[in-house]
Amino acid sequence: MKLKTFLTTTALAALMAAPALAQQISVKAGVLNDRSGLYADLSGEGSVIAARMAVEDFKAAEKGIKVEIVSADHQNKPDVGSTIARTWYDQDGVDLILDVPTSSVALAVNQITREKNKIHINSGAASSDLSGKACSPNTIHWTYDTYALAQGTGGAMVKAGGDSWFFMTADYAFGHALERDTSAIVTKNGGKVLGVVRTPFPGTDFSSFLLQAQASKAKVIGLANAGGDTINSIKQAGEFGITAGGQKLAGLLVFLTDVHSLGLATAQGLVLTESFYWDTNDQTRGWSDRFAKANGGKKPTMVQAGVYSGMLHYLKAVEAAKSKDSAVVMAKMKEMPTDDPLFGKGSVRADGRKMHDMYLFEVKKPGESKGPWDYYKQVSVLPAEQAFRPLAESECPLVKK
Amino acid sequence: MADIAATDAPAAARSSGEADKGTLRLHRAIMIGIAIALVIAPFVAYPVFVMKVLCFALFALAFNLLLGYGGLLSFGHAAYFGMASYVCAFTAKNWGLTPELAILLGTAVSGGLGLVFGALAIRRQGIYFAMITLALAQMVFFFSLQTPRFTGGEDGIQAVPRGKLFGLIDLADDRALYWLVAAIFMAGLLAMYRIIHSPFGQVCKAIRDNEPRAISLGYRANQYKLAVFVLSAMLAGLAGSTKAIVFQLASLTDVHWSMSGEVVLMTLVGGLGTVFGPIAGALVIVSMQNYLASLGAWVTVVQGVIFVICVMTFREGIVGVISKWIGKPL
């Protein structure tokens, strides 16, 4: 009899303890990016550090949310990325995947996330299809996209007086898309496109194309390319003295780490668009100092900052929803305004586009730079509504009427 | 002397016949072992991962058929693998073909591609042959890069439906798809085995070992070479198409020259010219890519070190070394 009472009381006690335990939500986040190749510097381990910082700053443990972070290298191969994503979702109980640079891998992860009904917050990929044709109720495209880059560099440059353009376009679909979007914006703002040259992709020798660009007398040379092509063309433009001759180089997809590896002597005068720069205000400086300490002195790129910001917003949504159910959390994330020290106030749109301002920067001359990583001066700010594709033009099936 | 020779010859023939029988029995046992492993695998390991290994193993088998038994080093096998994967993905997504038809179509197209490329390449030998295949494969790569309407450019063809096998069995379930992939792999392996041990395979080996002698014996060497080239391209295509259905995507990675390099690596690590070597090689390389992914930058370093160790210490590959130990061809 006594034993029976004992058993029932323990059972009751266990039952009462259960709701208290349920308060504890444990989430698992996977940071999937390039850790060995072309994009390792701008995402890589830095993005994992950024995600960890978000968990610390949110004080997740005190709020009853247990967060575990895993990471992996997708080697910029869609099949490797998609196997990892599937394993994470199916076997390891991962709830959301962050970062994912390289559009082909991002689109694959986007699709798998939708199938498995999890959450994907993309910071690293450029393709505006992620919130366009390929948009999904499970994906948020956080940091930037090709549309915003074209708007920023194209539109703002024309307004700043760069009204005649010459494009050097990497001859593949991504280069063509960048050129098409940017030249549309240039002409819309009253500028002129004087000429286009298609460069073989991937290329190493850009000298003859640069000479054509120089001879065109265009005020701005638009580099509709990415990665190694961009680095090579900027280096060679420096050797031809193109910026010294008064023409401006506009990089359509250039990151802080690219400028760092090029050096100011080569990259000076280059104009580019980003959504985050570490030296914008006290908050970004403070955060970036902490980040740099953890990341061997390297300042954060916008991609890494985006991972921090996305992770933070996710945790806020989990706290508010008191659940980690994907649909509930996604609804919360779209409903709550975003606010963090790096991107300021913003929102997440119905098509999964995160809205914030973009900035047009010019790379400083070596003499203007006060120290390491002091690379950009701000030319202008592009408000979110102008920077990103308006919903009315969107091809996203989620918002189409 | 003559008497001794006369009495010895049948004995030698008998013992070699017995050895052949022993080898045959061993191979049969290994085949059954592989089949059993395939049945158990999805319950032990993650099915999608096993499917990936199987696709690459089939690809490596195809490559090994050409290099190990035909003696032809093609450095452009990614072309057949990738083109088949594009055709399969494209037809399954845009024409709504059922997966088995899409896979067959992909295989057929890569067979056709193999026929054209092979006919050009077999006119030269050695390094020239390898370079021609590489050049042709690069043409396929740039074709894929420049035709975004067909291949989706660098984004690839995404969200390929897995569809229903014969319009009946829903392949969205990983387990169901696994059985299909396992069956395709097993069929490919058996076909390969049959080809190697057929009279046709024997002639190929003879040409590999000494082409002028084979020609002087009256064999049309070029026809045999072309045939084995096409067979290899078709098997590679089968692997590529299956991969497109498994991962629901086809991308530039599949046609890139580094994919051609990867398959050479798999075959060498596993054991060139052995029946089962490429399977072991694919398992090792794909596992490394997968399980070392969290090591980040170290993946490629580790891969390189393993390759160097492999070349320095056991050049016959994993299965090649085992085969040496037991003294039987594997």
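Visitor: At roughly what angle do the axes of helix α4 and helix α10 of chain B cross, and within what distance do they come?

Guide: In this predicted model, the axes of α4 (residues 99–121) and α10 (residues 221–247) of chain B come within 7 Å and cross at roughly 145°. The crossing of α4(B) past α10(B) is right-handed, and the contact has 15 nonpolar and 10 polar residues, with no charged residues.

Visitor: Why is M53(A) called buried?

Guide: A residue counts as buried if 20 or more other C-beta atoms lie within 10 Å of its own. M53(A) has 20 other C-beta atoms within 10 Å, and is therefore buried. M53(A) lies in helix α2 (residues 44–58) of chain A and, leaving aside neighbours within four places in sequence, is in contact with R290(A), F291(A) and Y308(A).

Visitor: How do you know that the length of helix α11 of chain B agrees with its number of residues?

Guide: The expected span is 1.5 Å times one less than the number of residues. For the 14 residues of α11(B), residues 257–270, the span should be 20 Å, and because the end C-alpha atoms are 20 Å apart, the two values agree.

Visitor: What makes α11(B) largely enclosed by the rest of the structure?

Guide: Of the 14 residues of α11(B), 10 are buried, so the helix is largely enclosed by the rest of the structure. Among the buried residues are M259(B), V263(B), L265(B) and G270(B), and the buried residues of α11(B) pack against α2, α3, α5, α12, α13 and α14 of chain B. Just after α11(B), G271(B) takes a positive phi of about 135°.

Visitor: Why are β11 and β13 of chain A called edge strands?

Guide: The open sheet of 3 strands in chain A has the order β11-β12-β13, with antiparallel pairing, and β11 (338–340) and β13 (354–355) each pair on one side only, as edge strands do. Two strands count as paired if there are at least two bridges between them; strand β12 (residues 344–348) of chain A is joined to β13(A) by 2 bridges, and therefore meets that condition. V348(A) stands opposite K354(A) in β13(A).

Visitor: Which element gives the most to the side of chain A that touches chain B?

Guide: Between the chains, 28 residues of chain A are in contact with 25 residues of chain B. On the side of chain A that touches chain B, α3(A) gives the most, with 9 residues, and the residues of this side divide into 10 nonpolar, 11 polar and 7 charged.

Notes
Residues are numbered from 1 along each chain as its sequence is written. Chains are lettered from A and ligands numbered from 1 in the order in which they are written. This is a predicted model: local features need pLDDT of at least 70, side-chain atom pairs count only at pLDDT 80 or more; totals for chains, interfaces and linings use all residues. Two residues are in contact if their C-beta atoms, placed from the backbone, lie within 7 Å. Helices (H or I, at least four residues) and strands (E, at least two) are DSSP runs, numbered from the N terminus. Ala, Val, Leu, Ile, Met, Phe, Trp, Tyr, Cys and Pro count as nonpolar, Asp, Glu, Lys and Arg as charged, and the others, Gly among them, as polar. Axes are lines fitted to C-alpha atoms, for helices over the stretch in contact, and angles run from 0 to 180 degrees between N-to-C directions. A crossing is left-handed if the near helix is turned anticlockwise from the far one by less than a right angle, and right-handed if clockwise. A residue is buried if 20 or more other C-beta atoms lie within 10 Å of its own, exposed if 12 or fewer, and partly exposed in between; C-beta atoms are placed from the backbone.
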